[in-house]
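Here is a short report on one structure. Look through the model first, then read on.

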Amino acid sequence: MSTSIHLSRFRKWLLASPPMEFVIAQLRELLVGAIKQGPVPQHIAFVMDGNRRFARSHGIETVEGHNMGFEALARILEVCYKSGVKVVTIYAFSIENFKRSKFEVDALMEMARVKLSQMAQHGEILDRYGAKVRILGRLDMLKPDVLAAVNRAVDMTSGNGERILNICFPYTSRDEITGAIRDTVSEYSQPLPANRPSNASQRTPFSETHITQNIRARAQHTKADDLPSDVETASESSNEDGAPANNLPNQVYESGSSFSSSSTLHLGGQTDAANGRENSPRKEKAVYMSPETITRQTLTEHMFTGDNPPLDLLVRTSGVERLSDFMLWQCDEETEIVFLDVLWPDFDLWHFLPVLLGWQRRISKAKKNPDAEGDFDGESYEPTEESNGKKVKGL
Amino acid sequence: MVSQHDRELFRNDVRSRGTKLSAADRENILRPYLPDPSDLQRRSPQRQNKAHRRASVRTFVKAQTHRIVYTFVHIIFGIISRLLQSYHATVDRICAVIYYHHRTPELIRKDVKGLKRLPEHLSVILSLRKEDDALSVLMDEVAELAAWSVSAGIPVLSVYEKSGALKSCIPILHQAITNKMCSYYGSSIQQPRLRLFAPHHPVFDQLPQDVASDCKNGSLTVLLLSATDGRETFVDLTKTLAEMSQSGKLSPEDITLELVDAEIIQPEPDLLLVFGAFLKLDGYPPWHVRLTEMFCTGGRSSGTNTSEEAVEYHGFLRGLWHYAGAQMRFGR
């Protein structure tokens, strides 16, 4: 028993000695620089789990455990940003966490307030390194003094933008998704600056005359390939002096009686014709944006992380293997989720390195032969005979 | 890497809630750890002086060193992961021999008997392979999983496959599962009752008359999911809500978490098994995996085909064991 204590003390002493510290620091630098040479995930999310268990197992106070967790965060952020990660998202506080003891919640809030206001004192350093801090979550659930510190830190760094730290503060993913839906809906129920509000009830975004116009324009262009130069001039002349019936291309522009010369000019070129078809109906008719234009992308853009690159990697420590309402939407098709069996305060480069290396290995492999990990490519797979379904496997 | 001395200073400051050190003090502690700002100013127009050139030589040497280290580390890492992979593959082979179901529900029940808990709802992510008989292989996998689940006593199994190919052949799949059950349970009277359905499809439920027989060996509900049941449902919901809001039937403030939760009706799985080399959700419906335990069987099929792994019994069993060992906490 005593020998192990002596040994650990000796190890501590050795690791803390200046030459050893120097060597380890150099080694870290070297490894981080090396990681930078390969593909690096652009966006990493961390669930910092295990602070309390760490505190319990080391016989220190819970708050102390959270402080250690903060140190671990600083270490890992250093690794991430130095190796070229653009965005790091951390799960600092869940809305569910408000259920914890008041003492702990207050301590966590106090810690956030102190850290954020300390950060605000170092604006110059943050500016120099282009770091941007954003708080994602329900800010309305925070106390006023914490909120003030949050706003100050966010405002100060909002001009920077190369490296982003997203702190999910009182956050749950379901809340975020709901918020995104709500924002999208309220955005779509803002009336467009339209000139004819009477059309609000009957929204017909495509006008029939337009479609016939475009079909004819298509036909005209295929025929008019031989004489591409004089289309525009011809159309202008037709608008001016009525109907020269002998000229085939010109007929297109006459038939639509309500057509103004500005829209006929759209038909001057093939690409312009296509653009005109997309833009003009919205301009003329829609008072609201059509809900049919909502896509997955629209919702993604309305998430808190809308302008960040897609999430490449999600790391959760402490061996708990679920997402716990974090980044549910963002964990899309290619996000790799890693669960590590280490408590967050212990988390360091040495645990993170295999994850990063594995990711790099997979990505560079996928780059080398893109077929190996392709998606379902839409070939028609015929449902085969029932007899095939009985095929025995596993032996 | 922060030196011990500075760490002590920092911790003392933290203990006194950030009052001991002034802002300038903290910056002084921090300074040695910050990277040289001149490294970052590469976008400024380059000044062609000698000092700069020397610096660029230094960066060149540094970059080359890093490149070499990168290659070296990756070679080592590759070797280690290969070794680990083959070790796991060997262990898995042995496991596969020890734990084999032999198509007897009793054996499967024995394998899961000692477990503290079983998932009420098991969910599985499968992928369609690229070969010609991919769909029949997939259906066979689903049938196997259904048989194992019902034998283990799991009442609900949901199968996620991205493209939704399974949904197009529900009757054939039902037949395939029934045939598989036949080989496990013998004659059709002994078979557990099977319900098979997909969102927006009717429940496929043959033999509704023999209600008496299904009590004996339990029942199984198989739910088929695909990528359209995930994020696309949210898109549809948003479209509908936007339309309602535009016609004044609802204000955006009415959209609450409870409303969305009530609209997105899907069962919440307890355990999600991913048969693949690494854990990715592949577009799985996002709303209901909030508290789902995830388990990835890992790329252990010794590198023959990287991303697609066969669905094997011991992978299924490992997932259940893992689930039984995990403890549940609701944010507390």
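## The nonpolar core

A nonpolar core is a set of buried Ala, Val, Leu, Ile, Met, Phe, Trp, Tyr and Cys residues joined through C-beta atoms within 7 Å. This model is predicted. Its largest nonpolar core has 127 residues. B:Val142, B:Ala146 and B:Val159 have the most contacts inside this core. Helix 6 of chain B, residues 134–152, gives the core its largest share, 12 residues.

What does B:Val159 touch, leaving aside its neighbours within four places in sequence? Its contacts are B:Val124, B:Leu126, B:Val142, B:Leu166, B:Val222, B:Leu224 and B:Leu225.

## Covered strands in chain A

In a regular strand the side chains alternate between the two faces of the sheet. Take strand 5 of chain A, residues 313–316.

Strand 5 of chain A has parallel partners. Strand 1 of chain A, residues 43–47, is joined to strand 5 of chain A by 4 bridges, and the two run parallel. Here A:Val47 has A:Arg316 as its bridge partner. Strand 6 of chain A, residues 336–339, also runs parallel to strand 5 of chain A, again with 4 bridges. There A:Val315 is the bridge partner of A:Val338.

## A covered strand in chain B

Strand 6 of chain B, residues 293–296, is covered on both faces. B:Glu293 and B:Phe295 are buried on one side. B:Met294 and B:Cys296 are buried on the other.

Which way does strand 6 of chain B pair with strand 5 of chain B, parallel or antiparallel? The two pair in the parallel sense, over 4 bridges. Strand 5 of chain B spans residues 271–274. B:Val274 stands opposite B:Cys296.

## Where the chains meet

Chain A brings 72 residues to the contact, and chain B brings 79. On the side of chain A, helix 8 of chain A (residues 173–188) provides the largest share, 10 residues. That side of chain A divides into 26 nonpolar, 20 polar and 26 charged residues.

## Confidence

For the complex, the predictor gives an ipTM of 0.82 and a pTM of 0.75. Chain B has a mean pLDDT of 80, and 82% of its residues reach 70 or more.

Where does pLDDT stay under 50 in chain B? One stretch is residues 41–47, with 2 contacts beyond four places in sequence. Another is residues 302–307, with 12 such contacts.

Notes:
Residues numbered from 1 in each chain as written. Chains lettered and ligands numbered in written order. Contact = placed C-beta atoms within 7 Å. Nonpolar A, V, L, I, M, F, W, Y, C, P; charged D, E, K, R; others polar. pLDDT = per-residue confidence, 0-100. Buried ≥ 20, exposed ≤ 12 C-beta atoms within 10 Å, placed from the backbone. Pairing = 2+ DSSP bridges.
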